[in-house]
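Thanks for passing this one along. Here are my notes, in numbered points, for you to read beside the model.

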Amino acid sequence: MDLPVLLISLGALFLTGLAADAFGRRTRLPRVTVLLACGVAVGSAGFDLIPSEIQALYEFLSVTALTMVAFVLGSSLTRKALAKHGRPILWISLMTVLGTVGVVTLGLWLAGLPLAAALLLAAIATATDPAATQDAIRQSGARGPFVDELKGIVAIDDAWGLIAFSLAVVLALGLTGTMSLHMLGDAAWEIGGALAIGAAIGLPSAYLTGRLRKGEPMLTEALGIVFLVAGLSIWAEVSFLLAGITTGCVIANTARHHGRAFHEIEHIQWPFMILFFLLAGASLKPDQLAEAGLIGLAYVILRIAARLFGGWLGASLAGAPRALRPWYGAALLPQAGVAVGMALVAGREFPQWADMILGLTIATTVIFELIGPVATLIAIRKAQASR
């Protein structure tokens, strides 16, 4: 490792993040979109300025940043919040996932894809990007029921998405004549194991933390728990996002000697997020958009329509105010790493469609990572203005 190159690159990336933050504040653009665009510009698709020493850190930074996001989102799922917003969180998250699967499957099948392939891509479309959504919420500075419900929806919709994807794989295998139930077992372990790890770490942490400095959990304690959750989850091959959400939820609901679980983590989270989004942008390849072709364009349009419809339907069933109903689905457009992970699994199970599924998913991720945070920020502002 070339230490001077590593340090100079880190310094330049942090300053780029600072400039992106300032630019976002002045232009009202989401800083996530600005960071991703900067990453594309300095990555292999642009000037190719990211050294290999920095690229090697991407996996570590992505897991760390996303586990922090998951932890903070989980801590928002308190008994009080669920009692107040549980109905809209449940209905909107569920209908958004079901609406996405239904609309995208039907649309891609009518566009000419085999039904099994259309079903797989529809299940992949259910995945969201909690990091981009949470940062848009923080950047907006908004407060109120819409934001509280959005945090809860983002915290649990990937769990619904994992279940939907596992069922879709089983159905697709049945449609292609190679039925196998092992995917259901894998999904049960990924979700159940993550819940178990989150509870196993969260329960003792709720009692032990905040003792050295009375009533105030320390940053060191928070970081220790985040790394422990992430490491154990990866070792056990379960979802570190769900494990982080569970840990935050358990601590927020069982700790009695401190009021807010590890709010200090929000102060250290942004530097990790800067590097994560810049390197995520550097890994995107816009030229793959052309390879996705008309099917990729159809996928993008169908996913947008499905999110808008599912969010509106769920909000209607939950009895949300009419003025807010159109904006839930729009706020859930960001899509990132979870979708790519699903695509890799689908490619392994269906090698005949592996290149198409993975290429289309990666290509459309470029679009949703750039326009998704913009849509989220607009939705939050519109929802605030309609109050």
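Predicted model: local features only at pLDDT ≥ 70, side-chain atom pairs only at ≥ 80, totals over all residues.

1. Helix H5 covers residues 79-110 and helix H8 covers residues 145-175; they pack at an angle of about 45°, and their axes are 8 Å apart. That angle makes H5 oblique to H8. The crossing of H5 past H8 is right-handed.

2. Now the chain as a whole. Its secondary structure comes to 16 helices and zero strands. Of the 387 residues in the protein chain, 53% are buried. If you take contacts between residues at least 6 apart in sequence, 83% of them join residues at least 24 apart.

3. Nine of its ten residues are buried, so H6 is largely enclosed by the rest of the structure. The buried set consists of Ala116, Ala117, Ala118, Leu119, Leu120, Leu121, Ala122, Ala123 and Ile124.

4. Helix H2 passes a simple length check. The helix has twelve residues (31-42), which at 1.5 Å a residue should span 16 Å; the end C-alpha atoms of H2 are 16 Å apart, so the two agree. Buried residues in H2 are Arg31, Val32, Thr33, Val34, Leu35, Leu36, Gly39 and Val40.

5. Is Asp135 buried or exposed? Its relative accessibility is 1%, so Asp135 counts as buried, the cut-off being under 20%. Asp135 lies in helix H7 (residues 130-140). Leaving aside neighbours within four places in sequence, Asp135 is in contact with Arg31, Val32 and Trp270. Arg31 and Val32 are among the buried residues of H2.

6. Finally, the cysteines. How many disulfides does the structure hold? The count is zero. A disulfide is a covalent bond between the sulfur atoms of two cysteines. Cys38 has a relative accessible area of 25%, so it is partly exposed. Cys249, with a relative accessible area of 22%, is partly exposed too.

Key. Residues numbered from 1 in each chain as written. Heavy atoms only, no water. Disulfide = S-S within 2.5 Å. Buried < 20%, exposed > 50% of the residue type's maximum accessible area, 1.4 Å probe, protein only. Helix = DSSP H or I, 4+ residues; strand = E, 2+ residues; numbered from the N terminus. Expected span 1.5 Å × (residues − 1). Axes fitted to C-alpha atoms, helices over the stretch in contact; angles between N-to-C directions. Parallel < 35°, antiparallel > 145°, perpendicular 65-115°, else oblique. Left-handed = near helix turned anticlockwise from the far one by under 90°. Contact = heavy atoms within 4.5 Å.
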